[in-house]
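Here is a guided walk through one protein model, taken piece by piece. Please keep the sequence and the 3D view open as you read.

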Amino acid sequence: MVDPLLHEVGELLRRTADEIVVPLFCRLGAHEISEKAPGEIVTVADQRAEAAITAGLRELLPGSRVVGEEAVAAQPGLLADVSADGDVWIVDPVDGTGNFAAGRRPFALMVALLQDGRPAASWIYDPLAGELAAARAGEATYLADRPLRMTPEALPPEVLRGAAMTRFLPPALREQVEANGKRLGTVLTGQHCAGREYLDLLTGAQHFVLFWRTLPWDHAPGALLIREAGGVARRFDGTDYHPGDADHGLLVAANEQIWAEVHGALLAGGSPVS
């Protein structure tokens with residue numbers, strides 16, 4: 001990976017994982033886990049990692065702003081900065097906090113850089129797997145410092161493997177997606193870690209993933225990685241995902257044909273869309 005910024009942010013995530021996050025894995029005390037909102041937990045690892053990443057990113061780009069998941073939990077108005085001009089970082093210090101707090105994998109550290117509201121670069125790091133993916137808009141996606149392209153081939157529905165996060169879908173849509181899953185080869189329930197879902201798409205372990213909730217720190221990093229590797233990240237109506245919008249629903253796939261097959265099977269009554 002020759003891009004200095006891609007390298008420097010990647011190293012920042014590695015250091016943060018090595019010095020803060022991984023040492024606390026399976027070692028959290030009850031007093032180090034709390035509820036920040038109904039059904040949403042936070043740990044000291046999230047808080048300490050976000051502080052370290054935020055400081056490091058501001059040092060790399062002086063004058064930049066940071067929209068971190070935990071900072072927004074404390075000060076919701078910060079979320080408006082996602083659409084602001086200039087350099088804005090989006091940070092998920094520990095994606096998969098529920099897994100992390102329970103002492104199970106996967107979890108990941110994620111960062112995206114927006115410039116004048118547009119995705120410019122992104123990073124996902126799974127420290128236990130030792131996998132780091134990074135991308136620059138208009139250039140390439142790198143996995144283990146090597147340029148990556150996902151499969152361009154068309155695949156029949158019966159061999160497609162992916163995940164559908166149905167927990168937060170509206171009831172009627174959840175029923176439709178669960179019933180239509182039999183039209184595809186394998187539909188998994190998800191790993192409770194968006195970062196790992198995106199990495200599995202990049203490595204070919206999965207062909208697609210469907211989400212309902214699309215908070216920017218969960219999807220801005222992964223969506224850019226997928227697009228620069230030749231994949232597709234779109235809303236259910238076919239419009240491109242953008243981290244600044246407030247819509248729900250996101251279908252991500254390894255290529256155009258797979259996106260159409262999965263959309264047709266799960267969301268459009270079984271007929272692929274054009």
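The paragraphs below go from a pair of hairpin strands to a helix, a pocket, the cysteines and a few backbone details.

First, some ground rules. This is a predicted model, in which local features need pLDDT of at least 70 and side-chain atom pairs count only at pLDDT 80 or more, while totals for chains, interfaces and linings use all residues. Residues are numbered from 1 along each chain as its sequence is written, and side-chain values use heavy atoms, with hydrogens and water left out. Helices (H or I, at least four residues) and strands (E, at least two) are DSSP runs, numbered from the N terminus. For accessibility, buried means under 20% relative accessible area, exposed over 50%, and partly exposed in between (1.4 Å probe, protein chains only).

Let us begin with strand β5, residues 108-115, which is mostly covered: seven of its eight residues are buried. What lies beside β5 in the sheet? Strand β4 (residues 87-95) pairs with β5 in the antiparallel sense over seven bridges, where two strands count as paired if DSSP finds at least two bridges between them. Along that pairing, Val88 stands opposite Leu114 of β5. Strand β6 (residues 118-126) also pairs with β5 in the antiparallel sense, over seven bridges, and there Ser122 of β6 is the bridge partner of Ala112. β5 and β6 form a hairpin with two residues between them. If you look into that turn, you will find Asp116 with a positive phi of about 55 degrees.

Next, turn to helix α5, residues 171-180. Which of its residues are buried? They are Leu173, Val177 and Asn180. Viewed down the axis of α5, the buried residues fall within an arc of 75 degrees, so they line one face of the helix; the arc is that of the directions from the helix axis to the C-beta atoms.

Tyr198 is buried, with a relative accessible area of 0%. What surrounds Tyr198? Leaving aside neighbours within four places in sequence, Tyr198 is in contact (heavy atoms within 4.5 Å) with Ile124, Phe211, Asp218, His219, Gly222, Ala223, Ile226, Leu250 and Val252.

Now for the open space. The largest pocket holds about 1,100 Å³. On a 1 Å grid over the protein atoms alone, a pocket is an open set of points where a 1.4 Å probe fits, with protein on both sides within 12 Å along at least five of seven lines, and lining residues have an atom within 4 Å of a point. Grid points are joined across faces, edges and corners, and the volume is the space filled by probe spheres set on the points. The largest pocket is lined by 45 residues, of which Glu40, Arg167, Phe168, His192 and Arg213 lie nearest its centre. Helix α3 (residues 69-74) gives the most to this lining, with four residues.

What about the cysteines? A search of the whole structure finds zero disulfides, a disulfide being a pair of cysteine sulfur atoms within 2.5 Å. For Cys26, the nearest cysteine sulfur is that of Cys193, 15 Å away. Cys26 is exposed, with a relative accessible area of 55%, whereas Cys193 counts as buried at 3%.

Finally, the backbone has some details to enjoy. Most residues other than glycine have a negative phi, and most peptide bonds are trans. Cys26, in the loop between α1 (4-24) and β1 (33-37), has a positive phi near 65 degrees. Ala144 lies in the loop between β8 (140-143) and β9 (146-148) and has a positive phi of about 55 degrees. Ala144 is also exposed, at 59% relative accessibility. The peptide bond from Arg105 to Pro106 is cis, with omega near 5 degrees, and Pro106 sits in the loop between α4 (97-101) and β5.
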